[in-house]
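My entries follow the model below.

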Amino acid sequence: MKIPYGRQHISDEDIKAVVETLKSDYLTQGPKVKEFQEEFARYVGAKYAVAVNNATAGLHLSVLALGLKPGERVITTPITFAATANCIRYVGGEVWFADIDPDSYLLDIESVKKLIESKPKGFFKGIIPVDFSGLPINLEEYRKLASKHNLWLIEDAAHAPGGFFTDSNREKQNCGNGNYADLAVFSFHPVKHIACGEGGMVTTNSKELYENLMLLRTHGITKDNMEENHGGWYYEMKELGFNYRLTDFQAALGISQLSKNPKGVKKRNEIAEKYKNAFNGKIKYQSLPENSYNAHHLFVIEVNNRKGLYDFLHENGILAQIHYIPVNTLPYYKKIGYNGAELSNAENYYSKCISLPMYPTLTNQEQYYIIEKVLTFINE
Ligand SMILES: Cc1ncc(COP(=O)(O)O)c(C=O)c1O
């Protein structure tokens, strides 16, 4: 028996949706992509959504759409997948890391504030906080900070479709709804909530950013607002863009998967409750700040003998994972020399963190087996 830390669930309806699209006239970007964008925007409550071939491409387009230039500086968290920081490097920007909160594991706004205030005005251009594990960043607070210092905000919501927090007006704010962040980016890698094989979505409430993203997604080519028009075939390339398109059959899969996400997120939270009940008072797990609902891509605990537990679980068929090796310690970032704040919370977290299996089709029996093995190891 092997229990992965995360896995997709592809139903018969998902397969039917893909097969139908394969038989249609469109394989690459077509009507299903448009439908997926509309459904996704409605789901998170944003005005616009732009489908892309993965979240890394979405992050790249986001920093481009916001006009990030070589040498400009952006703050992010070290506890994330490398792609969050890499998008800054793609355009020659500098990555500055701030520390995480030791309990929620999210980018700590106090550490970000201290970093910003230690530098002259205009030193930074933006902040990319991450809804790590599916736990929403309090973007209302980040927006206040960003506005004060004239910074843009990209929400890396790769882990978080279905997560939300309640703001100071008691209004529910879905991850990616665009009310506080300029742009949000989601991932449809199979280990995440919605599987497209590869895929991603950028959401925003800004028409200007939306139009910019659409242009950059397809080579910077458009038939709108052309300087000339030689005939029906004619188009213009206005910007240096990319081919970051999603295919229509991936979008068909995405639409079908999206319809099951509310149920999936609920199930993930039921699984999280069982872990919490079993570990309460014995093992530290990620905190849930007041007024937050975690979409639970991951369930993370902290233990002293992390390598011991990792090896023990793997020997017993439980393929626990580590999220993440701090990005500033990866050889590439070490080589270029990371900038930023003191990162002792991230360092301490990395020495202890381990992610237990978390996905809607995890059975009760499998979960009890995991809990039993973790407690056995801890009590030894
Ligand atoms: C926080 C975060 N951001 C971005 C990405 C990149 O996603 P993709 O694999 O869709 O490019 C990931 C993927 O693991 C991620 O975890």
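I call a pair of N or O atoms within 3.5 Å a polar contact; within protein, one must be able to donate a hydrogen and the other to accept it, and residues adjacent in sequence count only if both atoms are side-chain atoms. The model is predicted, so I read local features only at pLDDT of at least 70 and side-chain atom pairs only at pLDDT 80 or more, while totals for chains, interfaces and linings use all residues. Residues are numbered from 1 along each chain as its sequence is written, and side-chain values use heavy atoms, with hydrogens and water left out.

**Ligand.** I started with A55: a backbone N or O atom there lies 2.9 Å from an oxygen atom of the ligand. Next I checked K192, where a side-chain N or O atom is 2.8 Å from a ligand oxygen. For Y324, the side-chain figure is 3.0 Å, again to an oxygen atom of the ligand. Taken alone, the ligand exposes 390 Å², and the protein buries 92% of that (Shrake-Rupley method, 1.4 Å probe).

**Shell.** I found 16 residues around the ligand (a heavy atom within 4 Å). T56, D156, H159, S187 and K192 come nearest.

**D156.** I placed D156 in strand β6, residues 152-156 (strands are DSSP runs of E, at least two residues, numbered from the N terminus). Which side chain does D156 make a polar contact with? I found the side chain of T84, at 2.8 Å. D156 also touches other residues, including L59, I128 and V185 (heavy atoms within 4.5 Å).

Notes: Helices (H or I, at least four residues) and strands (E, at least two) are DSSP runs, numbered from the N terminus. Lists of a residue's contacts leave out its neighbours within four places in sequence.
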